Amino acid sequence: MANLDRKGTFKVEYLQEIEKHVQERWEQEKIYEVEAPDEPCEKFMCTFPYPYMNGRLHLGHTFSLSKCEFAVRYFRLKGRRVLFPFGFHCTGMPIKACADKLKREMELYGCPPNFPNEDFTEEKEEKEDLVPKDKSKGKKSKAVAKTGAAKYQWQIMRSIGVPEEEIKEFANESYWLEYFPPLAVADLKRMGLHVDWRRKFITTDANPFYDSFIRWQFYHLKERNKIMYGKRYTIFSPLDKQPCMDHDRSTGEGAGPQEYTLIKMEVLQPLPDVLKVFNGKPVSFVAATLRPETMYGQTNCWVHPEIKYVAFETVKDGIFICTKRAVRNMCYQGFTKNDGQFEILLEIVGQQLLGIALKSPFTCYPKIYALPMLTIKEDKGTGIVTSVPSDSPDDYAAMVDLQKKLAFREKYGIADDMILPYKPVPILEIPEFGNLAAVNLYDKLKIQSQNDKDKLTQAKEMVYLKGFYDGVLLVGEYKGSKIQDVKKKIQTRLIEDGGAVVYYEPEKTIMSRSGDECVVALCNQWYLDYGDEEWTVQAEKALAAMNTYHDEVRKNFQTTLRWLHEYACSRTYGLGTKLPWDPQWVIESLSDSTIYNAYYTIAHFIQGDTFRGNAENALKIKPEQMTIDVWDYIFFKDAPFPKSTKIPKKSLDLMKKSFQFWYPVDLRTSGKDLIQNHLTYYIYNHCAIWDKEEDKWPKGVRANGHLMLNSAKMSKSEGNFLTLSESLDKFSADAMRLTLADAGDSVEDANFVENTADAAILRLFTFIGWVKEIIATEASFRLGDYNFHDKVFLSEINTKINQTDENYNKLLFKEALKTGFFELQAARDKYRELCSEAGMHYELVTHYIVTQAKLILPICPHVAEHVWELVGNKESILHERWPVADKVDEAAVKASNYLMEAAHSFRIYLKNHCAVKKPKKGEAPKPEPKPNKAIIWVAKEFPKWQHIILSTLKQLNGLSGLPDNKIISTKLAEIPELKKYMKRVMPFVQATRENMERVGADALSVALPFDEAAVVTDNLQYLLHTLDLDSIEVRHTDSDGAPEKSREECAPGSPHVTFASEPRARVTLLNPAPRSGLFAAALALADGDSVARLKAKLVKEVKAIKEVNSLKIWRYKDPVLGPRKIPVIGDYVTKCVALDNASVFKVDVDKDAVELVHNGTNINVGLQLLYTYE
């Protein structure tokens, strides 16, 4: 687990206490329990692939299921009747294999076991060969990530939090089914999941109702000829003696059988001494290739001098020479007499095979030789590689090395005539690279040898992809054809001519949960015929009507539908449902999990609120009563009522009504790695079961990327791992949920950052505290008509309602969080800042709080509910509806945004103005006096040359935006009025282009939708406050005395400011109250300042003063002696006079004298005053 240390836990505990209270309330109110209504209404059903119950749920699970959670709460707010059900998967090998492994450990090492003193070993991630990547495939095995470095099952159980004394119980696979599902429910409830838990269940025949449902499904699949029996290539575990599907693997999830063309390179007679034992039999070196079309260009074959090779006899093709690993695959594919068995006739080191003469199909050379290559890998292919230097950068680099380096040839006994006469053969024409693509790129990239791995990898990427899609064959029967059109035909011709056979091996190393390296086997098995053309057309039709939310997801589905063929749907080992017609087989885990969403719609009627369905249910139905006819009646719209059933029609009608209302599934969310299997099978099976009811087919699938933790892969072995339970303990439910929403929306990998979660705790805690403060200080707020800032804030609230609604509807939760929380809070903070003088409007602030609660409800429901209660609501916020946005005053919002941008630019001007100027040589730097006065210059219109540019750009702006700068420059150069400004034209164009990226086409407008000078003038108090000035004057740039720089830099929407520093008198204000915490303040006083103005300065200086109305300023009756007398507590009332707000100060800076003008009389007040605050 990730480090749980934190300095303080008060805030997170505060949030957790709120969550506990809110969840108890929801539980009591049964707020998530929902039934199909009697009257038609809009509904929303979403599901998440039920998690596998061999451990605790982790943050990766939580990220994917959070998409369902956020969506269901949003659509409930939108007025739909919603259902988010949840089940738990126990089918397959993993639980059974782990239980058996634990049993063996206890038999070998005792209980508790005393293991040998060995270091733990870590699984190392395999580096994949260069092939076009399917981005939907995950790279790291879930099993490895979850179990970490633990070697023994006992250690794994301990690492996932199982108490030591309880581990022995897990040797019984049934115990897993009892132990983990309740823990998962408890964790998910703590998260606040919007789930109707009455519908929970586990899979396998341990749950007789679900078992019956799956048998019903497979009965119909077989009846409809979707399930076949026969030999098919499949991933197979020799140790387990059965197919090894995705969920049965510890590494290699997502990998399938990879088809190769096995090229037979016959050893020429007479056989060399090392192979004399095979005289009279054909002997072939065999090389596995993915590019049979390049065999026309073979110049040699490659052998690794140090790899061990073996010779074995095949059934039809004589003696094959390859690696032992390859033979292990071949013996399960009909190459040997006995399936799964092979006899090694000879073991040979690669060095002994070098220089052997061969005859290879399709090559123009009558004889080629086996030559050394040191980069061949033993764990891929056969260990023997065909060499096509015209189109393989690796082959050409190795060929050049061998031809150039005599010492290299001599080391391995390679005669000159074996390599020097051979030249690359042009066989493919590839656009950009010519007919010797590898040779051209070798020269272009300046590759030096076969050790330039990075450059060779780059060259391979360029050649292989371009060659497949755009390459045209220059030789052979299919000369002139594109490679992608004839690749299969060339393979077929090679096989028909006896020069090749088909060979399969796993796409990458696959380890079963039993610790066995898998092979590809040609097995007799029951399989789902996903390659059936009619079925695939149905699936494509369903996909076309589905919302996939991302184009890449749709493309990955389309790719999967193209390559998916037969899929083994049963095994002989593991937990699950037995095939109804052949009970020696158990239905595997990716096949009993395709249409179970339908089971959710009726599960609460028959499960009896238990995982196993082993308690009496509400309808008093028994599992044996759920016959094929009964299931048909429930799930098929036009199925007749079963005549032989004893179940009351009313009960079955209730279930039928529930299914008909909730189906189809509106949204299914999942990790992207399930597109290639589970999610595609999900589509196929819905099309098969409801082939006559297309309205039951899935409506939407949203796939997300994997979740990283703190920018690194989640890994227990590396200590970068969090379970759901740990996350809830560390961050609270809502802070975790907020961080999950913020982690990412795309199919790329998302990132859960713990610092973001900590910041979320603070933000939520602060928001609740602020709401409490607002309620407590209600009397201090404004009421009555809305002012300009009120109207702007209301418009911004309405804007955020609309934007957040759109983002939630598109399931863009990171964006919804941004608009509905971060940006809405920023708008509140801006409003609060702009209203610092006049105060905020209470009704508007309350409206904001209510709106904010609703907008964050899908993501942070506990905080939303708590805030909803704080503002006095009795009924749960979950019964509320999405807020309705009023009309947005766009002009007012733009004016407000203009004000904030202008203030920001003024602050930058001020900072530059106050910066210490670089002194002349020999002079000390002189600090610039702090300005206290400013003139803000605004322009009525753009300078003529800028006006012309904007008008031209408006004409050029199209649907795709502005053309490139070259076109714009050419157009503007034709305008005579711009000749003298040409050096400034393009910088202005670029600035306008950047402005368009922020505000859109408004950047091209030559007029503003508001009175710029009026906006500035009306907000002088805010500008005085933010710039810390005493006075500001607003003037137009066409008035007398405007500086040239202001005239040049000023344009509508881009005001300019000049600062000045006028002398001021400094007065000291003391607070006479003892131990008040109100300190003395020295303030600058300008001629003409009012007492109200002085109070405002004091409030800004002394932060403890919150209410200016409770502040009084006093002058001494005797301004000379008064300040010098020893003060007595409370005597200021007799020694001083309180000043009226309207009174004005007359200041003579030269004489350092301050007078008060009151009722036409000037009164000397001296330089020391008093202030009191009650």
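Helix α32 (residues 1020-1027) lies across strands β28 and β29 and runs at about 120° to β29; angles here go from 0 to 180 degrees between N-to-C directions, with axes fitted to C-alpha atoms, for helices over the stretch in contact. Helices (H or I, at least four residues) and strands (E, at least two) are DSSP runs numbered from the N terminus. The model is a predicted one, where local features need pLDDT of at least 70 and side-chain atom pairs pLDDT 80 or more, while totals for chains, interfaces and linings use all residues. Residues are numbered from 1 along each chain as its sequence is written, and side-chain values use heavy atoms, leaving out hydrogens and water.

Now for the sheet itself. It is open, with 3 strands in the order β29-β28-β30 and mixed pairing; two strands pair if DSSP finds at least two bridges between them. β29 (1031-1036) and β30 (1056-1060) sit at the edges with a single partner strand each, so one side of each has no neighbour in the sheet. From one strand to the next, the twist averages 20°. β28 (residues 933-938) pairs with β29 in the parallel sense over 6 bridges, and Ala934 stands opposite Ile1032 in β29. Helix α27 (residues 890-914) also packs on the sheet, touching β28 and β30, where contact means heavy atoms within 4.5 Å.

Elsewhere, the axes of α24 (residues 813-834) and α25 (residues 842-856) come within 10 Å and cross at roughly 165°. That makes α24 roughly antiparallel to α25 (angles under 35 degrees count as roughly parallel, over 145 as roughly antiparallel, 65 to 115 as roughly perpendicular and the rest as oblique).
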